[in-house]
Amino acid sequence: MALREIRIQGDPVLEKVCKPVKEMTPRLKELVDDMLETMYNANGVGLAAPQVGVLRRIVVIDVGEGPYVLVNPEIVESDGEQTGQEGCLSVPDMYGIVTRPMHVKAKALDKDMKPYEIEAEGLFARAICHELDHLDGRMYTELVEGRLHSYDEPEDSEEEDNE
Ligand code: ZN
């Protein structure tokens, strides 16, 4: 296993549509292992293959419920709504407010190419939506309500005026 370089917004690889995986080769298995290691090392909850420069439909997610590997994933149902903070390892130290479905049901293949379904809610549902967008070259920054915030900046002064 090895850490891979995380591509940063502005890198054209993040704007491309990824190709489906037809066969799980040793090389792609190594990619999956490296993606998990890279995600944990960066304290992320999800990572998509294009974020490490590979245009394949593979994502890894761990929101604290164990690692999930999603190959050729598709959202088959979604409902409800949640509005909250979202960030991305390809947009370091920033976050924005994004509305996503509260529940999603997705189907995918695991790393042995066995089909399975996941039902997810809350942060897990948000992570699935966010990571699947990466596979189609979409960044969460397109969906942010208002502007991006830095984790370092003080709260908006308008809100503090109310005291
Ligand atoms: Zn992201």
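**Close-up views of a predicted model**

**View 1. Cys129 in its helix.** C129 lies in helix α2, and in this predicted model the residue has a relative accessibility of 7%, so C129 counts as buried. When residues up to four places away in sequence are not counted, C129 touches I75, R100, P101 and V104.

**View 2. The zinc site.** The zinc ion is coordinated by three residues, C88 through SG, H130 through NE2 and H134 through NE2, at 2.0 to 2.2 Å. Along the chain, these donors follow the spacing C-x41-H-x3-H. Because C88 lies in strand β4 (residues 82-88) while H130 lies in helix α2 (residues 123-135), the pair ties together parts that are 42 residues apart in sequence. C88 has a relative accessibility of 11%, which is under the 20% limit, and therefore counts as buried. H130, at 6% relative accessibility, likewise counts as buried.

**View 3. The largest pocket.** The largest pocket has a volume of about 430 Å³, and of the 22 residues that line this pocket, G44, V45, G87, C88 and L89 are the closest to its centre. One of these, C88, is also a zinc ligand through its SG atom. Strands β4 and β5 (91-100) and helix α2 are the elements that give two or more residues to the lining, and α2 gives the most, with 6 residues. By residue class, the lining of the largest pocket divides into 10 nonpolar, 8 polar and 4 charged residues.

**View 4. The second largest pocket.** About 190 Å³ of space lies in the second largest pocket, whose lining is made up of R4, K22, E23, T25, R27, L28, L31, V54 and R56. The lining of this second largest pocket divides into 3 nonpolar, 1 polar and 5 charged residues.

**View 5. The nonpolar cores.** The largest nonpolar core has 17 residues, and those with the most contacts inside it are V59, I61, A120 and I128. The elements that give two or more residues to this core are the strands β2 (58-61), β6 (103-109) and β7 (115-121) together with helix α2, and the largest share, 7 residues, comes from α2. Apart from this core lies another, of 16 residues, which includes V21, L36, I58 and L109. Within the largest core, V59 deserves a separate look: leaving aside residues up to four places away in sequence, V59 touches M35, L47, A48, Y68, V69, L70, E131, L132 and L135.

**View 6. His103 and its surroundings.** The place of H103 is in strand β6, and at 32% relative accessibility, a value between the limits of 20% and 50%, H103 counts as partly exposed. Residues that H103 touches, not counting those up to four places away in sequence, are E77, S78, D79, A120, E121 and A125; A120 is also among the residues with the most contacts inside the largest nonpolar core. From C-alpha to C-alpha, H103 and G122 are 6.8 Å apart in space, although 19 residues apart in sequence.

**View 7. Two asparagines with positive phi.** Most residues other than glycine have a negative phi. N43, although not a glycine, has a positive phi of about 60°, and N43 lies in the loop between α1 (26-41) and β1 (46-48). The relative accessibility of N43 is 71%, which is over 50%, so N43 counts as exposed. N72 also has a positive phi, of about 50°, without being a glycine, but N72 lies in strand β3 (residues 68-79). With a relative accessibility of 22%, N72 counts as partly exposed.

Definitions and conventions:
Residues are numbered from 1 along each chain as its sequence is written. This is a predicted model: local features need pLDDT of at least 70, side-chain atom pairs count only at pLDDT 80 or more; totals for chains, interfaces and linings use all residues. Side-chain values use heavy atoms; hydrogens and water are left out. Donors are N, O and S atoms within 2.8 Å of the metal (3.2 Å for Na, K and Ca); water is not among the atoms, so sites may look incomplete. Helices (H or I, at least four residues) and strands (E, at least two) are DSSP runs, numbered from the N terminus. Buried means under 20% relative accessible area, exposed over 50%, partly exposed in between (1.4 Å probe, protein chains only). A nonpolar core is a set of buried Ala, Val, Leu, Ile, Met, Phe, Trp, Tyr and Cys residues joined through side-chain atoms within 4.5 Å. Contact means heavy atoms within 4.5 Å. On a 1 Å grid over the protein atoms alone, a cavity is a set of points where a 1.4 Å probe fits but cannot get out, and a pocket is an open set with protein on both sides within 12 Å along at least five of seven lines; lining residues have an atom within 4 Å of a point. Grid points are joined across faces, edges and corners, and a volume is the space filled by probe spheres set on the points. Ala, Val, Leu, Ile, Met, Phe, Trp, Tyr, Cys and Pro count as nonpolar, Asp, Glu, Lys and Arg as charged, and the others, Gly among them, as polar.
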